[in-house]
Amino acid sequence: MNAFTRFASNRGAIVGLGLLLLLVAVVLLAPLLYPQSPWRMVGRPMGAPLAGSFLLGTDTLGRDVAAGIVHGARVSLLIGVVSTVVALLIGVPLGAVAGYFGGLIDDLVMRFTEFFQTIPSFALAIVVVAILQPTLLSIVLAIAIVSWPPVTRLIRGEFLSLRSREYVQAAITVGQSTPRIIFTQILPNTLAPIIVMASLMVATAILLESSLSFLGLGDPNLMTWGYMVGAGRSRIIDAWWISFFPGVAIFLTVLALNLVGEGINDALNPRLRKEDRK
Amino acid sequence: MDLLRFVLMRLGKGVIVLFAIAVLNFFLVRAAPGDPAQVMAGEAGAGDEVFLDQLRQQFGLDRPLYEQLWAYLSNYATLDLGFSYRQQQPVLDLILERLPATLLLTGAAFFISLVLGVVLGALAARRVGRWSDSAITTLALVFYATPLFWIALMSQIVFSLKLGWLPNVGFETVGGGYTGIDRALDIIQHLIMPALTLGLFFTAIYARMMRASMLEVAGADFVKTAYAKGLSPAVITRRHIARNAILPVVTLAGLQAGQLVGGAILTETVFAWPGIGRLMFEALAQRDYSVLLGVFFISSAMVVIFNLVTDIIYRIVDPRIGASA
Amino acid sequence: MTERVLHVEGLSLSLPNAADRRFALKDASFQIGAGETVCVVGESGSGKSMTAHAVMGLLPPAVKVAAGSIRLAGRELLGLDERDMRRLRGCDIGMIFQEPMTSLNPLMRIGDQIGEMFEAHGALHPAARNKRALELIEEVGLPDPAHIVRVYPHQLSGGQRQRVMIAMALALEPKLLIADEPTTALDVTTQAQILRLIDRLRSEHGTAVLFITHDFGVVAEIADRIVVLQNGEICETGKTGDVLRTPSHDYTKRLIAAVPSLTPPEPRRLATATPALKIDGLSKTYRSGGFFAKGREVAAVDNVSFEILPGETLGLVGESGSGKSTVGRCCLRLIEPDGGMIRLETVEIQGMTQRMLRAHRSRIQMIFQDPYASLNPRRSVGRIIAEGPVAQGVDRSTAMLQARELLDLVGLAPAAADRYPHEFSGGQRQRIGIARALALNPKVLVADEAVSALDVSVQAQILDLIREIQNRLQVAVLFITHDLRVAAQICDRIAVMQRGRIVEMAATAELFANPAHDYTQMLLAAVPGREAFAHTHETETNHVT
């Protein structure tokens with residue numbers, strides 16, 4: 001059984017993948033579904049779901065909740081993916097260098113990484129976004145800054161163990177250059193854990209972004225799920241739906257990414273899966 | 001003797017971390033758009049020229065950068081974290097006043113999540129593949145994927161506004177006039193919901209970790225030995241599997257301390273819990289940057305202490321560590 | 001006839017459907033009497049471990065008993081419920097395992113782990129348990145029992161831990177002791193001690209011993225009777241002496257013939273020439289500990305010197321931790337030596353930067369131990385072999401053509417070049433590793449435990465291949481091994497290493513006939529089955545081809 005069929009036979013992973021595809025479809029179809037700006041007031045304030053023409057009701061200013069969720073999906077996915085890519089760009093090279101060369105370089109890189117792991121990451125993200133002013137850029141930057149340390153640790157560990165693997169030693173003895181060894185012998189063999197980690201990181205980044213915008217640290221020009229939950233908070237008693245539905249959207253997205261990540265992990269490490277089923 | 005040396009070494013490391021955070025704060029202030037003095041004064045103080053001049057004087061803002069850094073660090077070294085113009089109080093006083101509430105909340109959440117997580121994870125691993133395992137793993141995944149602030153809001157609606165079981169917000173009943181035991185019970189009533197919502201996320205993490213760890217240890221050679229001895233499955237699980245499986249969970253719990261503090265910011269915001277997280281949220285709304293950076297610094301210090309505690313626990317539980325160091 | 005301690009009859013164990021054969025064990029019958037040792041021998045995958053686990057009632061969930069009976073002192077074990085089986089384990093059947101390093105709970109004191117044995121079966125009072133634990137530790141020959149009961153496993157060596165395991169297994173005087181490859185992970189001198197210990201305890205207590213092993217040397221040393229397993233079926237049983245001298249089944253003959261003899265073949269004549277490799281005063285020290293902790297220094301390699309002529313094989317033998325592997329890796333500068341000279345023909349490589357060294361890499365190549373870890377799983381076999389020449393400037397298509405020729409040379413089909421490592425068996429992978437090393441046309445080959453991970457029959461084939469290639473290409477070989485039998489067969493000269501130093505170096509025949517150093521004598525004396533396999537050299541040459 002290869003990795004692909006193993007993934008396909010994992011019910012949770014397929015559900016997750018389905019949810020993700022649905023989300024991507026929503027993002028792509030947003031201009032068709034809700035062509036108007038989600039900030040526009042379109043109806044009576046605090047209209048209940050299904051009452052009137054609004055599927056998920058309206059918020060305190062009469063904006064369509066469903067339109068907000070559809071447009072917010074794009075921001076969530078964008079920030080989740082971009083900040084993960086940035087975190088990988090910081091974390092992978094650092095981990096690779098530390099794990100491959102070892103010694104003093106490794107010591108320095110690991111001390112640096114440990115430092116960033118000790119800092120309460122959410123507090124750091126808040127401080128960074130607040131001081132640089134909330135924009136798409138500062139939010140991506142803040143999330144990347146707090147997410148790279150685990151990547152570095154993972155990659156370092158992989159490099160450390162692969163470096164002493166005999167086929168890497170063999171590559172050294174036949175005279176391959178260091179960059180060639182890193183790119184052809186080691187890096188391809190670390191891809192699987194990187195992919196798994198990246199999918200979980202996107203989930204965490206989306207959670208982080210929504211938490212930031214819940215506290216009012218979202219980009220003021222963008223409609224986001226976290227902002228919607230936060231904005232509905234003051235009227236939670238008489239209009240629960242304003243906060244409820246965006247939260248469900250966050251939950252489903254994060255859940256889907258976790259299910260897919262775990263599915264990939266199980267598919268690529270069948271040994272663990274078997275133990276699971278014992 | 002060995003333990004003392006270890007604690008001192010780790011404390012030294014902690015001091016270095018805090019020093020680095022002070023440096024980070026210094027550069028963050030400079031990275032902000034605008035005059036550093038105005039950033040430190042916050043939105044409220046930025047209009048007061050006398051206060052701004054005083055700040056420029058105190059932090060030597062007209063002198064070279066390294067002298068400014070030195071002035072900034074000297075202030076931090078004496079625990080002078082700045083002055084909140086808005087609140088007309090030193091930042092440290094503001095924080096110290098709010099710190100006990102946060103310690104109570106995070107401490108309770110840490111305890112709940114660790115105990116609950118380990119027990120549930122162990123249970124799931126023992127009954128692997130059966131419905132109770134599926135239930136626990138599914139629940140863990142759900143709580144792991146749900147935004148903390150949203151759970152907090154929803155439990156507020158359900159348990160306090162609709163059902164009326166627990167108080168809605170705050171640390172204690174305002175004007176309740178309780179003293180002694182009554183006051184403690186009142187505070188506990190207020191604590192339950194924030195501590196549980198904050199703890200549940202981490203319960204999910206620890207339960208997943210504990211389950212995986214138990215399954216891994218169950219395949220270890222010494223477990224085979226235990227079976228060969230004719231021990232009962234209950235003894236094997238408790239004495240041989242669980243004790244070894246809990247070690248990585250303790251390490252993880254130490255690493256997660258920073259996240260716990262971050263989670264407290266959201267929980268305190270929703271439940272109006274008068275801790276430093278709530279203080280941070282207020283400072284955010286008022287653009288009171290000195291308070292913001294001060295809370296960041298103190299919460300980092302909390303994490304350093306949390307880490308130290310888990311490391312000491314680990315050292316006591318695992319005999320191998322002492323020998324190798 | 002009186003009932004034997006263990007009576008296995010018609011036992012079949014079925015494997016899950018996805019496995020490559022239906023039965024892990026098929027229709028197996030054998031018996032063990034009190035005070036008797038029966039060895040179940042076979043290569044990896046023969047089902048020998050499954051047999052042991054079946055008796056213990058500890059089969060993996062996927063493996064099921066399909067038919068047969070297992071009787072312990074007349075009592076049928078199959079069909080006993082879990083509670084009754086648990087009462088038997090430890091009490092009537094003791095078991096020791098292959099990996100002493102991981103077989104003890106790292107968080108429990110030794111005394112408590114032994115005490116658990118009594119606790120599990122409600123034997124003795126708590127106070128008496130401790131006293132009995134001390135006696136047991138004494139009995140298995142560990143020094144200072146009062147100290148041992150209080151330490152944790154990580155404070156003991158592998159051999160000491162295996163003694164603890166034995167003490168534990170014998171704590172309740174079981175009728176049957178199952179030993180599953182108990183000495184495979186140990187050094188040869190430690191192995192000899194453990195074998196002697198098991199044998200002594202067997203004769204003192206009249207225990208029946210079911211001994212699982214792949215090593216015919218060990219069999220010759222300890223077994224009264226032998227059961228030979230091939231792919232889950234018993235192909236031969238009999239008294240040890242009879243089977244070893246006159247095996248009746250073809251498979252047994254082949255296995256026994258593949259065991260290298262301790263008697264070296266006739267010495268070869270080598271033309272005098274410039275040494276292909278000359279090492280002088282090589283040293284390497286490891287320092288442990290960080291910035292704060294005071295580091296310990298271990299001299300892994302201490303002033304080692306030797307030279308190897310073209311076409312000659314120098315054996316480097318020693319136990320684990322003797323520094324032999326470090327020497328090998330230093331020769332290629334995979335590990336940086338602290339001092340000393342490394343000369344390849346006329347080029348000294350010790351001071352070179354890695355960049356300069358790259359051009360000289362082709363002069364010396366390595367064959368690795370683990371056939372599974374030594375090939376990159378994501379590259380085709382052809383590319384793995386061609387990587388070296390390409391790195392040295394040969395164009396890709398020429399290198400790929402050459403790779404096919406090399407595959408032919410090492411006895412694989414040239415078409416193998418397009419396949420991936422996981423499609424090959426361990427022996428085939430080792431051939432691929434040899435082809436990779438030969439691709440650069442080296443003057444020196446370092447073979448680091450190159451046959452240790454292989455089954456005996458495959459091992460013999462790979463040794464033949466190395467010898468044949470050496471004859472053809474006149475390459476110098478540094479052959480690193482812990483196995484004196486292998487060394488006797490393939491090496492022209494042997495250097496014995498102990499704690500980083502070469503304690504003795506001599507021509508192979510000379511070294512085996514008149515070992516000068518105490519340590520060499522000890523090593524030779526410890527080789528299991530040295531009498532039984534001392535003179536089978538002629539039969540060997542008849543059978544292996």
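Me: In which sense do strand β17 and strand β18 of chain C pair?
Reply: This is a predicted model. In chain C, β17 covers residues 444–448 and β18 covers residues 476–481. Five bridges link the two strands, and their sense is parallel.

Me: Which residue of β18(C) is the bridge partner of A447(C)?
Reply: Strand β17 of chain C spans residues 444–448. Its pairing with β18 of chain C is parallel. Within β18(C), A447(C) has as its bridge partner F479(C).

Me: What is the strand order of the open sheet in chain C?
Reply: The sheet has six strands and its pairing is mixed. Strands β17 and β18 of chain C are a parallel pair in it. Written across the sheet, the order is β16-β17-β18-β13-β19-β20.

Me: Which are the edge strands of this sheet in chain C?
Reply: An edge strand here pairs on one side only. From one strand to the next, the twist averages 20°.

Me: At what angle does helix α19 of chain C run to β19(C)?
Reply: Helix α19 is made of residues 518–526 of chain C. It lies across β19 (493–498) and β20 of chain C. Relative to β19(C), the helix runs at about 100°.

Me: Which element gives the largest share of the side of chain C that touches chain A?
Reply: The contact draws 21 residues from chain C and 15 residues from chain A. On the chain C side, β16 (364–367) and α13 (381–391) each supply at least two residues. The largest share is three residues, and the element is α13(C).

Me: How many residues on the side of chain C that touches chain A are nonpolar?
Reply: Chain C gives 21 residues to this contact. Six of them are polar and six are charged. The nonpolar residues number nine.

Me: How far apart are the centres of domain 1 and domain 2 of chain B?
Reply: Chain B is divided into domain 1 (2–91) and domain 2 (100–324). Their contact takes 23 residues from domain 1 and 18 residues from domain 2 of chain B. Taken over C-alpha atoms, the centres are separated by 32 Å.

Me: Which element supplies the largest share of the side of domain 1 of chain B that touches domain 2 of chain B?
Reply: The elements giving two or more residues to that side are α1 (2–31), α2 (36–45) and β1 (83–84) of chain B. The residues of that side divide into 14 nonpolar, five polar and four charged. The largest share is 12 residues, from α1(B).

Technical notes
Residues numbered from 1 in each chain as written. Chains lettered and ligands numbered in written order. Predicted model: local features only at pLDDT ≥ 70, side-chain atom pairs only at ≥ 80, totals over all residues. Domains from an automatic or database assignment. Contact = placed C-beta atoms within 7 Å. Helix = DSSP H or I, 4+ residues; strand = E, 2+ residues; numbered from the N terminus. Nonpolar A, V, L, I, M, F, W, Y, C, P; charged D, E, K, R; others polar. Pairing = 2+ DSSP bridges. Axes fitted to C-alpha atoms, helices over the stretch in contact; angles between N-to-C directions.
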